[in-house]
Amino acid sequence: MASERDLSNWLQGTLVFQGLSRSQLIPIVQIAQVQSLSKGELLFKQGSEATGFFVVKSGRVKVFQVSLTGKEQILNIFESGENFAEVAALDGKPFPASAATLEPTELIFFPRKAFLDLLHQHPDIAINMLISLSQHLRHLTGVIEELSFKDVPQRLASYLLKLSHSGTGGSSKRSHPTNVVTLDLTKSQLASTLGTIPATLSRAFYYLSSEGLIAVNSSQIELLDRDRLQELSDPTKQDYSPS
């Protein structure tokens, strides 16, 4: 386990704790619990009691919901330095979704009651939390827009363009977009992220390839025509989906 000083230094680089002084971080580190998990471990289930929130130190975590028919929809994937589950931790209601690790992961867990006590003492933390909540809300608004107004080829085009702007792991931004991206999700995980099934996703990849928009080489995707991909990803354009 990292020392309290090392953990304090690391937390200063996260969104929810950035800008806090070393003295403000002392009580935060004191309630932090470091957890190491294997790939595929379930952190919590939708509807279970919210006991606190998490910050990803290393690895990746998916937050998802499962329909009555068993279809999974990935709502977000959180990576190093990102926090999740703070909504339930704040309002005390059950978790609105489930969470599981995508790979070996180290998490920093903050128990709900102890953290709420800190919020009363340090309003700067509450402000950072509001910024984090706003970012998550914007992301979920984007997810709803994608699922409501775009077909699968449009969603895939949009995803590939966003990935081309992302740094390693998708958590940072490149200064210039790349035309070659590497998928770091399995076909099933990507299909779940895009709100579809693997067979339909495969047809979407085939469609984009046959139209000369991308070239697929295993997990590497080359974006051959960014302008047309951008047009395709725009929900105001005509329906480009294959028949």
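Four bridges connect β10 (214-217) with β11 (220-223), and the two strands run antiparallel. Helices and strands here are DSSP runs, numbered from the N terminus, with at least four residues of type H or I for a helix and at least two of type E for a strand. The structure is a predicted model, in which local features need pLDDT of at least 70 and side-chain atom pairs count only at pLDDT 80 or more, while totals for chains, interfaces and linings use all residues. Residues are numbered from 1 along each chain as its sequence is written, and side-chain values use heavy atoms, with hydrogens and water left out.

The β10 and β11 pair belongs to an open sheet of three strands in the order β9-β11-β10, with antiparallel pairing; two strands pair if DSSP finds at least two bridges between them. Because β9 (180-182) and β10 stand at the edges with a single partner strand each, one side of each has no neighbour in the sheet. On average, neighbouring strands of this sheet are turned by 20° against each other, direction ignored; the axes behind this value are lines fitted to C-alpha atoms, for helices over the stretch in contact, and angles run from 0 to 180 degrees between N-to-C directions. Asn217 has Gln220 of β11 as its bridge partner.

Ser218 sits in the loop between β10 and β11, and its phi is near 60°, a positive value in a residue other than glycine. Most residues other than glycine have a negative phi. With 66% relative accessibility, Ser218 counts as exposed, where exposed means over 50% relative accessible area, buried under 20% and partly exposed in between (1.4 Å probe, protein chains only). Ala85 also has a positive phi, near 75°, and is found in the loop between β6 (83-84) and α3 (86-91). Ala85, however, counts as buried, at 17% relative accessibility.

Turning to charged side chains, a search of the whole structure finds seven salt bridges, each defined as a side-chain nitrogen of Lys or Arg within 4 Å of a carboxyl oxygen of Asp or Glu. One of them joins Glu103 and Arg60, with the closest N and O atoms 2.9 Å apart. This pair links distant parts of the chain, 43 residues apart: Glu103 is in the loop between β7 (98-101) and β8 (105-111), and Arg60 in the loop between β3 (52-58) and β4 (61-66). Glu103 is partly exposed at 26% relative accessibility, whereas Arg60 is buried at 10%. A network of salt bridges links Arg60, Glu103 and Asp184.

Glu72 and Lys62 also meet through their side chains in a salt bridge, at 3.1 Å from N to O. Glu72 lies in strand β5 (residues 72-78) and Lys62 in strand β4, so this pair ties together parts 10 residues apart in sequence. The relative accessible area of Glu72 is 23%, which makes Glu72 partly exposed, while Lys62 is buried with 12%. In the salt bridge between Lys150 and Glu146, the closest N and O atoms are 2.7 Å apart. Here Lys150 is buried at 8% relative accessibility, and Glu146 is buried at 12%.

Helix α4 (residues 112-121) has Phe115, Leu118 and Leu119 as its buried residues. They cover an arc of only 105° around the axis and therefore lie on the same side of α4; the arc is that of the directions from the helix axis to the C-beta atoms. An α-helix has 3.6 residues a turn, so residues three or four places apart point the same way. Lys113, His120 and Gln121 are exposed on the other side of α4. The buried residues of α4 pack against α2 (22-31), β3, α3, β8 and α5 (123-149), contact meaning heavy atoms within 4.5 Å.

Aromatic side chains complete the picture, with 11 aromatic pairs in the structure. Rings of Phe, Tyr and Trp (its six-membered ring) pair if their centres lie within 6.5 Å; planes under 30 degrees apart count as stacked, over 60 as edge-to-face and the rest as tilted. The rings of Phe53 and Phe110 are stacked, because their centres are 5.2 Å apart and their planes at 20°. Phe53 lies in strand β3 and Phe110 in strand β8, so the pair ties together parts 57 residues apart in sequence. Both Phe53 and Phe110 are buried. The rings of Phe54 and Phe109, with centres 5.0 Å apart and planes at 50°, form a tilted pair. This pair also links strands β3 and β8, with Phe54 and Phe109 55 residues apart, and both residues are buried. Phe54 and Phe109 are among the members of one aromatic cluster, together with Phe44, Phe78, Phe84 and Phe95.
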